[in-house]
Protein chains: 2
Amino acid sequence: MPRDSLPGLTLCNNAMLRRATRKIGQYYDDVLAPSGLKATQQGLLYQIHIGDEPAMGAIAASLIMDLSALGHTLKPLIRDGYVETFADPDDRRVKRVRLTPSGLVKLDEAMRLWRRAQQHFEDRVGKKKAASLREALDDIASLDLDPPPATL
Amino acid sequence: MPRDSLPGLTLCNNAMLRRATRKIGQYYDDVLAPSGLKATQQGLLYQIHIGDEPAMGAIAASLIMDLSALGHTLKPLIRDGYVETFADPDDRRVKRVRLTPSGLVKLDEAMRLWRRAQQHFEDRVGKKKAASLREALDDIASLDLDPPPATL
DNA sequence: GGCAATTAGTGGCATATACCACTAATTGAT
DNA sequence: ATCAATTAGTGGTATATGCCACTAATTGCC
């Protein structure tokens with residue numbers, strides 16, 4: 001059976017990354033569930049919080065996320081009153097984002113749950129290993145990946 | 001400015017994983033674009049190919065993906081005629097999946113591009129580092145992450 | 001000053017992915 | 001044989017994310 005000897009998906013960096021992300025995402029989501037936020041939303045609120053009324057473009061850049069994707073992701077948070085936006089007075093193209101008071105409370109609640117999730121995860125994986133994984137992830141996120149040379 | 005000294009998102013395992021996934025996903029997607037497939041689709045076709053007419057549940061389990069999510073992801077591939085499904089005669093609850101001839105051709109085309117993407121990526125990151133990253137990702141994907149102990 | 005080029009966001013569309021409620025088929029226990 | 005419990009998928013709904021075409025605001029250059 002030749003097919004059985006083919007390399008599994010274990011060889012594709014992208015596939016492995018996605019697979020692990022699904023797994024861990026579900027875990028963090030589960031733990032955060034009581035707050036009503038998804039892990040992505042908690043992360044986004046946090047990112048907004050630690051920024052100084054960041055512009056959308058700045059957030060998108062930090063998160064290596066498409067600007068329009070950020071816009072879409074922001075919508076439920078605005079709808080639910082956790083976040084608000086306003087035009088930068090110095091450059092009206094720029095839209096800045098901040099937490100509402102209610103958003104701050106919600107972030108606080110979510111962060112407690114996040115700490116639990118994070119802690120337990122690190123206990124299971126090992127603090128050292130988790131840190132080196134994050135470092136490796138940051139490295140590849142920082143790569144300057146030009147497209148591969150045309151079909152040489 | 002106290003906020004500037006707060007830990008960045010760099011500390012959250014989940015956030016870092018997602019961030020890196022977005023980055024690498026875009027890269028693989030770019031390289032695969034000429035085939036008309038997204039990297040996720042190429043990965044799914046490959047997974048189906050190396051399986052022996054796998055059941056949907058089996059595919060979902062391999063990929064650590066929700067069964068219904070797999071169903072949705074499969075739809076465009078079926079619509080485009082790359083994949084077909086059929087009921088398992090021994091257990092009609094089970095739906096098995098296989099590539100169509102056209103799907104096989106398309107996978108072949110995509111795999112050539114994938115090899116380019118993979119190769120270039122590994123050249124940039126280092127074969128060793130990439131392999132150890134994948135191993136770490138596989139490890140965490142294999143974790144048995146029970147929910148963290150209630151608010152101790 | 002005026003217009004071309006650039007920059008920041010938006011809205012539409014498509015895929016990716018999850019959860020839930022529901023159906024159909026099977027299995028198990030009596 | 002029967003019927004409750006389990007298993008495999010489906011469909012709906014919601015978020016996550018990307019690309020593209022488009023608009024508005026700015027910047028640069030003459």
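This is a predicted model: local features need pLDDT of at least 70, side-chain atom pairs count only at pLDDT 80 or more; totals for chains, interfaces and linings use all residues.
1. Helices here are DSSP runs of H or I with at least four residues, numbered from the N terminus. With ten residues, α5(B) gives the most to this lining.

2. The largest pocket holds about 1000 Å³ of space, and among its 43 lining residues A15(A), R18(A), R22(A), A39(B) and T40(B) are the closest to its centre. A pocket is an open set of points on a 1 Å grid over the protein atoms alone where a 1.4 Å probe fits, with protein on both sides within 12 Å along at least five of seven lines; lining residues have an atom within 4 Å of a point. By class, the lining has 17 nonpolar, 13 polar and 13 charged residues.

3. Next, two backbone details. Most residues other than glycine have a negative phi. E53(A), in the loop between α2 (39-50) and α3 (56-63) of chain A, has a positive phi near 45 degrees. E53(A) counts as partly exposed because its relative accessibility is 30%, between the limits of 20% and 50% (1.4 Å probe, protein chains only).

4. In chain B, I64(B) lies in the loop between α3 (56-63) and α4, and its phi is positive too, at about 50 degrees. I64(B) is buried, with a relative accessible area of 18%, where buried means under 20%.

5. A word on reading the numbers: residues are numbered from 1 along each chain as its sequence is written, and chains are lettered from A in the order in which they are written. Local features need pLDDT of at least 70, while totals for linings use all residues.

Methods
Side-chain values use heavy atoms; hydrogens and water are left out. Grid points are joined across faces, edges and corners, and a volume is the space filled by probe spheres set on the points. Helices (H or I, at least four residues) and strands (E, at least two) are DSSP runs, numbered from the N terminus. Ala, Val, Leu, Ile, Met, Phe, Trp, Tyr, Cys and Pro count as nonpolar, Asp, Glu, Lys and Arg as charged, and the others, Gly among them, as polar.
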